[in-house]
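Dear colleague,

I am handing over the structure we spoke about, and below it you will find my notes on what turned up when I went through it. Please read them with the coordinates open beside you.

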Amino acid sequence: MIVDHLDVAPQEFEAATGWQIKPEGACKAEVCVPLGGGGFDLLTTAERLGMAVVPEPDRDLWAVGPESIGGRALATADASDFSLPSLDGTPFRIGSLRGQKVLVVAWAPY
Amino acid sequence: MAGPEVARPFVEAAASTHPSLIDQTHYMDARFGVTNIPQVMWIDETGTIVRPPEPASPLPVGEAAVQMAELVGRSEERERYVAMVRDWVANGAASRYALSPDEVVSRSRERSPATSEAAAHFELAQHLWRDQGFSERALFHFNAAHELQPDNITYKRQAYSALAISRSGGEDPDGWTRFRQVPGEGEDWPFVSDFNRDMVRFQPELAARLKLPGAEET
């Protein structure tokens with residue numbers, strides 16, 4: 001996620017990363033990581049989740065990398081809710097395929 | 001061309017009945033660990049992943065794809081993978097190829113703090129490139145991503161392609177410029193690696209079969 005300020009709101013953080021901020025911590029499906037109380041803070045949360053925060057000083061931008069907690073790309077096997085745009089730009093929710101098996105094939109024409 | 005326009009001719013020619021989705025931000029990498037193509041992930045009827053993203057080449061369709069498949073080899077692997085998918089379709093959770101949630105997580109791609117940092121650098125590089133072209137700062141972030149996660153091939157392909165397009169004035173005049181993966185003869189190459197050197201490093205047997213420069217003869 002790219003931000004031009006560090007006082008990110010929890011809703012913005014959740015939309016970009018899939019981690020929901022709850023009283024018990026940052027949660028994705030059944031996994032919750034305690035944040036030590038207090039209000040939501042991007043840098044503290046990123047640190048707890050093993051997310052790198054890399055600055056671009058020329059442009060006052062920061063990029064927040066994905067979580068590395070647990071040492072694996074997946075913190076949970078839950079994939080019930082994510083969305084990507086289709087060709088015409090409208091978002092497609094993977095949840096709309098619930099009840100069917102889904103094969104996600106990543107390809108590129110280059 | 002960029003974004004969906006690159007994929008559109010292929011999607012329309014295939015006229016598939018399944019959704020075709022566009023991932024311009026490498027969301028599939030950040031969220032699931034897709035770091036190369038082709039990679040495939042299985043999700044069951046409840047929205048639970050039963051196989052994490054893994055390399056899986058489809059059976060080739062069309063003359064060019066058949067030729068490419070013969071060159072690269074591994075046709076048995078392709079057929080085996082398709083048989084695995086069919087087994088899962090027929091048997092669901094009882095298929096021996098459907099994994100438990102714990103297995104899915106532990107078999108997903110390794111992600112270290114350095115990998116997260118690589119992803120952050122890559123996202124900045126992409127952002128700067130799209131915003132202001134192929135600048136020194138974009139190059140800095142591309143190279144940082146390449147050094148932090150050398151086996152992430154998509155980070156490299158994207159950077160090489162961006163440079164080639166930039167050097168041809170933002171166009172892809174012959175339809176091949178965006179495929180650039182090694183320096184042309186005498187070309188100044190600002191990256192820490194290139195496709196041939198990476199193939200020799202990460203897939204030495206295939207590099208030898210393709211007779212790439214620097215590959216050990218077998």
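Lys211(B) sits in the segment that follows α10 of chain B, and its phi is near 55°, which is a positive value in a residue other than glycine. Please keep in mind throughout that this is a predicted model. Lys211(B) has 8 C-beta neighbours inside 10 Å and therefore counts as exposed. Pro213(B) belongs to the segment after α10 (204-209) of chain B as well, and with 10 other C-beta atoms within 10 Å Pro213(B) is likewise exposed. As a mark of how far this part of the chain lies from another, Pro213(B) and Asp23(B), which are 190 residues apart in sequence, have C-alpha atoms 33 Å apart in space.

Two further backbone details may be worth checking when you prepare the model. In chain A, Ala29(A) has a positive phi of about 50° although it is not a glycine; this residue is found in the loop that links β3 (25-28) and β4 (31-33) of chain A. Because 17 C-beta neighbours lie inside 10 Å of it, Ala29(A) counts as partly exposed. In chain B, the peptide bond between Ile37(B) and Pro38(B) is cis, with omega at about -5°, and Pro38(B) lies in the loop between α2 and β1 of chain B.

Chain A as a whole is built from 2 helices and 9 strands, and read from the N terminus its elements follow the order β-α-β-β-β-α-β-β-β-β-β. Its C-alpha atoms fill a box of roughly 40 × 35 × 25 Å along the principal axes, and of its 110 residues 28% count as buried. Where contacts in chain A between residues at least 6 apart in sequence are taken, 27% of them join residues at least 24 apart.

In the contact between them, 57 residues of chain B touch 44 residues of chain A. On the side of chain B that touches chain A, at least two residues each come from α1 (4-14), α2 (27-32), β1, β2, α4 (75-91), α5 (101-107), α6 (113-132) and α8 (153-167) of chain B. The largest share of that side, 10 residues, is supplied by α6(B), and by class the residues of the side divide into 31 nonpolar, 13 polar and 13 charged.

Between the chains, β9(A) and strand β1 (residues 39-43) of chain B run antiparallel and are joined by 5 bridges. Within this pairing, Leu103(A) stands opposite Trp42(B), while Ala106(A) stands opposite Gln39(B).

Is Ala159(B) buried or exposed? Ala159(B) counts as buried because it has 24 C-beta neighbours inside 10 Å. Finally, the C-alpha atoms of Ala159(B) and Asn143(B), which are 16 residues apart along the chain, are separated by 8.7 Å.

With best regards

Technical notes: Residues are numbered from 1 along each chain as its sequence is written. Chains are lettered from A and ligands numbered from 1 in the order in which they are written. This is a predicted model: local features need pLDDT of at least 70, side-chain atom pairs count only at pLDDT 80 or more; totals for chains, interfaces and linings use all residues. Two strands pair if DSSP finds at least two bridges between them. Helices (H or I, at least four residues) and strands (E, at least two) are DSSP runs, numbered from the N terminus. Two residues are in contact if their C-beta atoms, placed from the backbone, lie within 7 Å. Ala, Val, Leu, Ile, Met, Phe, Trp, Tyr, Cys and Pro count as nonpolar, Asp, Glu, Lys and Arg as charged, and the others, Gly among them, as polar. A residue is buried if 20 or more other C-beta atoms lie within 10 Å of its own, exposed if 12 or fewer, and partly exposed in between; C-beta atoms are placed from the backbone.
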